[in-house]
Amino acid sequence: MIKYRPMKIEDYEGSYALWKNLEGLGLSSADSFEAINVFLDRNPAYSHVAMDGDVIVGTVLCGHDGRRGYLHHLAVAKNHQKSGIGKNLFKLCFEKLAEVGIKKSHIFVVADNENAIQFWKKNGWEHRDYLIIMSKQVE
Ligand SMILES: CC(C)(COP(=O)(O)OP(=O)(O)OC[C@H]1O[C@@H](n2cnc3c(N)ncnc32)[C@H](O)[C@@H]1OP(=O)(O)O)[C@@H](O)C(=O)NCCC(=O)NCCS
């Protein structure tokens, strides 16, 4: 049976192993141990893992800035996909966001990740193609 619980920094190694084995997730310096530690501290109990026994088979990072929610790295191990884990994980995030009055969440999807785009659409997310992301290095 799959169990869900908030992600702890001790889950980093298992989560990273899952992320690097899946296509479609853009990994960067924001995924270092130190960076994930900061993220989890800043957003306590918003991010979740799905466990099959001792093995992390699903993750989602979640946070908010007081205005909108943001999800990152929704990921489900290949042999556990299409069994409801991805949907359960983002719903857990929505429960946490709703508790603090956040009414909308965004995600960033790599433009050629057709599987994820179809997943999000199937689950009620809107593709807002009139918006683009712009980014700049702070340092
Ligand atoms: C995207 C991903 C997280 C989906 O996880 P999942 O656990 O397989 O999805 P679920 O089983 O929870 O699916 C929930 C619903 O979406 C549907 N769904 C799942 N993948 C779908 C797809 N590619 N296209 C259309 N519908 C899809 C399911 O059929 C299910 O529908 P239902 O509620 O009517 O039964 C998984 O494919 C994954 O880890 N992909 C690689 C990493 C990635 O790209 N993550 C997204 C980054 S933005």
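Five strands, in the order 1-2-3-4-5, make up an open sheet with mixed pairing. Strand 1 (2–6) and strand 5 (105–107) are at the edges with a single partner strand each, so one side of each has no neighbour in the sheet. Strands (E, at least two residues) and helices (H or I, at least four) are DSSP runs numbered from the N terminus, and two strands pair if DSSP finds at least two bridges between them.

This is a predicted model, in which local features need pLDDT of at least 70 and side-chain atom pairs count only at pLDDT 80 or more, while totals for chains, interfaces and linings use all residues. Residues are numbered from 1 along each chain as its sequence is written, and side-chain values use heavy atoms, leaving out hydrogens and water.

Strand 3 (residues 55–64) and strand 4 (residues 69–76) run antiparallel and are joined by six bridges. His64 has Gly69 in strand 4 as its bridge partner.

**Helices on the sheet**

Helix 1 (residues 12–20) packs on the sheet and touches strand 2 (48–52), strand 3 and strand 4; contact means heavy atoms within 4.5 Å.

**Salt bridges**

The structure holds two salt bridges, each a side-chain nitrogen of Lys or Arg within 4 Å of a carboxyl oxygen of Asp or Glu. One joins the side chains of Arg5 and Asp11 (2.8 Å, N to O). The other joins those of Lys96 and Glu99 (3.6 Å, N to O), which are three residues apart in helix 3 (residues 85–99) and therefore separated by about one helical turn.

Key: Axes are lines fitted to C-alpha atoms, for helices over the stretch in contact, and angles run from 0 to 180 degrees between N-to-C directions.
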